[in-house]
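Here is a short tour of the model, written to be read with the structure open beside you.

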Amino acid sequence: MDKLNSTLTAVKNLRSNVRQCFEHLADGTDGEGGEDSRNKFVHDFQERFGAINSQMREVEQLINGLQVPPTAYSLGNTAYLAQETSQDRQALYPQLVNSYKWVDKVHDHSFLAFNNLNQNTLRRSYNYCSQKRQRLPFSSFNNDPDHIDKLLSEINTPPHTSYRIFRPFGTNAVAIVTISNVMKAAIVFKGVLIEWVTVKGFDEPLEHDDLWAESRYEVFRKVQEHAHSAMLHFFSPTLPDLAVKSYVTWLNSHIKLFLEPCKRCGKFVVHGLPPTWRDLRTLEPFHEECRNC
């Protein structure tokens, strides 16, 4: 009982000192006194923090002294391992006891988890799930070969934007979007979901073998980074058609990539690059440094 009382007292003192340390840290300095006041504040905090570390080590030692010795566990004939004269073999029994305690805890936690999972009211039978899937199929995995063609034809695009669709991966389409004489973009679909986008300059090749290669121009590599961010923004498995239309509309806003100034700073070039970012709602051009200002 003396050890237990000492441990409780040490824990109480530790909690009190931690509270006082945070109160001291919250009060801070009032700005008066200049550098000397700040140095005194830091010095006091370091002393308090060092005292807390010392008390934590003391509490840990006291708690370790309260642990039940391994010999309290009766593990059958394995208890004779503790009577070995060899130090190497004497270490086997404490390790065996720790393993037994760990397995016993795993068994208790597994039993509790099993009871909690059995009480789950959101379980569904296999027949219910099958019927649910049949009633609500995912339109994002529509494998109709003509669906992407019809979808892109419904988008109001500028007169100098064209689409070319091919299918190197079976039924999944790849759309090559040529935006005037500015750039090209390859949109890789999985069903109706956009899975990858590659952006290159108008004079660069963009075929089946070039889908995963980056542009040699820094400006189009930056546009590709923004295109990936927009792809995640417009992602919608429940409304895939609307997501594709919104994304392609955003992509077409780059038709004046080199002609429009930044809406924030009014400059055409910053750090050697034009405004490569287009706002996801207004489609206004911004430099990467200006969009978060």
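A residue is called buried when its relative accessible area is under 20%, exposed when it is over 50%, and partly exposed in between, using a 1.4 Å probe and protein chains only. By that scale Leu 8 is exposed, because its relative accessible area is 52%. This is a predicted model, so local features need pLDDT of at least 70 and side-chain atom pairs count only at pLDDT 80 or more, while totals for chains, interfaces and linings use all residues. Residues are numbered from 1 along each chain as its sequence is written, and side-chain values use heavy atoms, with hydrogens and water left out.

**Overall layout**

The protein chain has eight helices and six strands. These elements are DSSP runs numbered from the N terminus, with helices (H or I) of at least four residues and strands (E) of at least two. Read from the N terminus on, their order is α-α-α-α-α-α-β-β-β-β-α-α-β-β. Of the 293 residues in the protein chain, 29% are buried.

Leu 8 is found in helix 1, which covers residues 2-27. Together with Leu 4 and Leu 66, Leu 8 makes a nonpolar surface patch of about 250 Å². Patches are made of residues with over 30% relative accessible area and no salt bridge; like charges are joined within 9 Å, and nonpolar side chains (Val, Leu, Ile, Met, Phe, Trp, Tyr) within 5 Å. The accessible areas come from the Shrake-Rupley method with a 1.4 Å probe, and for residues only the protein chains shown count as cover.

**Salt bridges**

Side chains of opposite charge can pair when their charged atoms come close. Here a salt bridge is a side-chain nitrogen of Lys or Arg within 4 Å of a carboxyl oxygen of Asp or Glu. The count by this rule is nine salt bridges, including these:

| Asp 44 | Lys 40 | 3.2 Å |

Asp 44 and Lys 40 both lie in helix 2 (residues 34-66), four residues apart, about one turn of the helix. Asp 44 is partly exposed at 22% relative accessibility, whereas Lys 40 is exposed at 54%.

Glu 225 and Lys 222 both lie in helix 7 (residues 218-234), three residues apart, again about one turn of the helix. Glu 225 is partly exposed, with a relative accessible area of 44%, while Lys 222 counts as buried at 16%.

**A hairpin**

Strand 1 and strand 2 (residues 172-179) run antiparallel and are joined by seven bridges; two strands pair if DSSP finds at least two bridges between them. Phe 169 stands opposite Asn 172 in strand 2. The hairpin has two residues between its strands, and Gly 170 takes a positive phi near 85 degrees there.

**The nonpolar core**

A nonpolar core is a set of buried Ala, Val, Leu, Ile, Met, Phe, Trp, Tyr and Cys residues joined through side-chain atoms within 4.5 Å. The largest one has 31 residues, and the members touching the most others are Met 183, Ile 187, Ile 194, Val 199, Val 244, Tyr 247 and Leu 251. At least two residues of this core come from each of helix 6, strand 2, strand 3 (183-190), strand 4 (193-201), helix 7 and helix 8. Helix 7 gives the largest share, seven residues.

Helix 7 is also the place of His 233, which is partly exposed at 47%.

**Cysteines**

How many disulfides does a search of the whole structure find? The search finds zero, a disulfide being a pair of cysteine sulfur atoms within 2.5 Å. The sulfur of Cys 265 has its closest cysteine sulfur in Cys 262, and at 3.8 Å that is too far for a bond. Cys 265 is partly exposed at 33% relative accessibility, whereas Cys 21 is buried at 5%.
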